[in-house]
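We'll walk through it a piece at a time.

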Amino acid sequence: MVASSSLQAFILTEHPTPFFAVVELALASLALGPLPRFIPLVLLLSVLKIHGQRIAFRHTRGRELLCSWFFISVGSSIAHWAAAASALSSPTQSLAAVAILSSITYLFALPALYLDIQIKGRVTTDWAKLTLFPALWATCWSVASHISPVGRLLNWSPVSGSHAYNWIVPYVGPVGIDWIVAAWAVACSEVASQWLMGFEVYEPLGMHTSQSLLSSRSKGLLTLVTMLLALTLPSFMFSNIPIRADIPADATSLTLGCALPHPLDGSRPTLDDFIDETSRMNTATVILWPESAVVFNSAKEREAAFERIRKLPIHSYVGVAFEEYLMGDPSRTKNGFALLHKGQKPGDEVMQYYKRNLVPFTESFSKVPSIDPPVVTHLQLAHPKGITAPQWAPPPDHTRPIPVTSSICLDFASPSAFTGLDSRPALILGPARTWDTNVGLAMWEQAKTRANELGSMVLWCDGGVTGVSGVGGGGIHEIMQAGGGTWMRTIGVPYPFDEDRTLYSKAGELSVILFLVSLMSGGIALNYLFVEGSRGAFAALTGGRVALNFVRAAALTGGRRIPFVRRMIAPPPAEADLLGVGEVGERQNLLG
């Protein structure tokens with residue numbers, strides 16, 4: 001207990017500013033890189049909540065807030081430095097850019113922390129106090145993702161592989177994941193705050209028959225943690241494996257390919273290189289070229305290249321990602337994508353799309369963004385060898401429609417990338433080009449998340465020297481390869497394919513936020529039912545009221561010797577001072 005008290009004094013009274021600065025710097029460098037991890041992010045947010053509650057009403061709050069902002073920005077810059085070092089023409093420019101973006105991103109976290117402290121004191125129920133911050137946190141990052149030029153790419157949101165809540169994305173989207181992160185941070189900060197304030201400050205348990213076994217705040221915390229743990233169960237109970245492609249009656253087999261020619265001399269592949277590579281992939285159903293695979297100086301040059309591709313002796317759909325100079329403005333270009341098929345007339349592409357979100361600094365000055373959203377197009381697949389037309393699909397055409405759509409690289413980071421779709425695509429074509437492996441992995445995570453939101457799959461083809469490529473969604477998570485080199489993979493699409501949109505696609509972010517806010521009030525009833533149900537089950541198992549009174553009596557004697565038990569069974573105390581010693585003119589509580 002002496003060591004514990006000494007550590008509490010070190011954190012809160014002796015060296016609070018250096019302690020929080022070092023801890024926030026360390027956690028920010030672990031949690032705020034291109035691939036944020038769930039646990040470090042929860043720990044960082046827990047520390048920020050405790051730190052914010054501690055300084056909220058102190059006269060030094062401005063100085064300590066500035067210190068926190070500086071060290072978290074430095075930690076975030078360190079985490080992003082390796083990925084951003086070669087983003088611009090010089091390392092100095094890259095460092096300045098990442099420092100500015102990290103500093104601005106931190107400002108999006110402040111409103112949730114500030115409003116939680118200001119509003120929580122006016123909230124009457126403990127459940128609402130516990131769920132207030134998660135609702136604010138999810139809302140702030142939803143707003144940030146719509147304001148930021150890079151969408152959700154710099155958000156303080158965990159990557160899909162670092163937690164067990166991926167199954168919930170088609171229902172509540174990334175907003176729900178942000179809520180879960182903040183809810184775990186609330187739980188961790190509550191326990192840490194109890195320890196920092198000392199468990200001995202609470203009054204002993206009374207013997208009144210109306211006395212609850214758990215304090216009201218502990219009931220709410222127990223309900224919240226139980227709910228968070230319960231939400232992980234589907235990830236362990238239900239297998240999420242890809243659809244089998246070898247059962248034609250139940251699935252349509254698609255062989256997807258990514259054309260990534262890799263000249264041995266290290267030069268950039270030319271149009272001829274891509275055409276030669278594509279001609280050798282004659283077994284693929286869909287072949288995708290990476291972003292800006294070729295550059296066209298005019299529409300005439302583009303149509304001539306498309307005609308060469310249409311005349312290839314293959315029956316594949318070829319997705320050509322290109323860069324085209326604008327007519328009348330030879331200094332600027334636009335990034336486009338066209339899906340071609342053999343036998344089509346010039347100008348009659350299966351699909352055409354132009355990039356809408358440009359990379360700040362590197363593309364924003366030299367390229368022109370589009371405003372046209374992606375659309376869903378159906379590929380009509382004829383029966384393969386060994387299967388008759390009537391076995392493959394019903395008349396009159398005996399073809400299976402496969403709905404597909406497309407987007408380009410940074411567009412996938414936008415939360416509104418596919419909100420305009422009126423049906424669910426089976427496949428999203430995603431040409432990309434990144435400059436660093438970590439950036440490539442971050443964009444790969446964004447692409448998988450957008451695909452999971454839609455209940456779809458994405459074919460991701462990254463033409464960067466160290467980029468990553470693969471098929472994501474539908475139970476597929478791993479990348480196919482890093483760097484250059486053509487590859488193909490066969491997947492299965494359920495037949496008949498259900499084009500009905502997921503709940504998140506139909507409802508949208510605003511509806512999810514309103515639902516999360518409603519948990520603050522609706523969860524009060526859930527909390528009551530849980531606690532009363534637990535109390536009834538406990539009483540039944542121990543023999544009813546007599547056993548329950550026996551437990552209460554035991555808590556008075558033996559339980560009083562254990563600080564944590566005494567804290568859990570005690571009624572809510574009078575407001576305790578933050579440090580155990582008063583500061584002139586202010587009384588605070590780490591628990592709010």
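Is Phe322 buried or exposed? Phe322 is buried, because its relative accessible area is 0%, where buried means under 20%, exposed over 50% and partly exposed anything in between, using a 1.4 Å probe and protein chains only. Before going on, some ground rules: this is a predicted model, in which local features need pLDDT of at least 70 and side-chain atom pairs count only at pLDDT 80 or more, while totals for chains, interfaces and linings use all residues. Residues are numbered from 1 along each chain as its sequence is written, and side-chain values use heavy atoms, with hydrogens and water left out.

Now for the aromatic rings. A pair of aromatic rings is described by the distance of the centres and the angle of the planes. Here, rings of Phe, Tyr and Trp (its six-membered ring) pair if their centres lie within 6.5 Å, with planes under 30 degrees apart called stacked, over 60 edge-to-face and the rest tilted. By this rule the count comes to 17 aromatic pairs. One of them joins Phe38 and Tyr165 as a tilted pair, 6.0 Å centre to centre with 35° between the planes. That pair links distant parts of the chain, 127 residues apart: Phe38 belongs to helix 3 (residues 38–55), and Tyr165 to the loop between helix 6 and helix 7 (169–197). Helices (H or I, at least four residues) and strands (E, at least two) are DSSP runs, numbered from the N terminus. Phe38 counts as buried because its relative accessibility is 9%, and Tyr165 is buried too, with a relative accessible area of 3%.

Back to Phe322, which has a ring partner in Phe306: the centres are 5.8 Å apart and the planes at 70°, so the pair is edge-to-face. This pair also links distant parts of the chain, with Phe306 in helix 11 (residues 299–310) and Phe322 in strand 4 (residues 317–326), 16 residues apart. Phe306 counts as buried, at 0% relative accessibility. Elsewhere, Tyr106, Phe108, Phe133, Trp137, Trp141 and Trp156 form one aromatic cluster.

Next, look at helix 6 (residues 126–147), where you'll find Ser142. Ser142 counts as buried because its relative accessibility is 5%. Leaving aside residues up to four places away in sequence, Ser142 touches Val175, Glu509 and Ile513 (contact means heavy atoms within 4.5 Å).

On to the strands, which pair if DSSP finds at least two bridges between them. Strand 1 (residues 251–258) is mostly covered, with seven of its eight residues buried. With strand 13 (residues 487–494), strand 1 pairs in the antiparallel sense over eight bridges, and Cys258 stands opposite Trp487 there. With strand 2 (residues 286–288), strand 1 pairs in the parallel sense over three bridges; Gly257 has Ile287 as its bridge partner.

Past strand 13, Pro496 sits in the loop between strand 13 and helix 14 (503–541). Pro496 is exposed, with a relative accessible area of 64%.

Finally, the surface. Met237 lies in helix 9 (residues 233–237) and counts as exposed because its relative accessibility is 58%. Together, Leu233, Phe236, Met237 and Phe238 make a nonpolar surface patch of about 500 Å².

How values were computed:
Patch = residues over 30% accessible without salt bridge, like charges linked within 9 Å, V, L, I, M, F, W, Y side chains within 5 Å. Areas by Shrake-Rupley, 256 points an atom, 1.4 Å probe, with all protein chains shown as cover. Salt bridge = Lys/Arg side-chain N within 4 Å of Asp/Glu carboxyl O.
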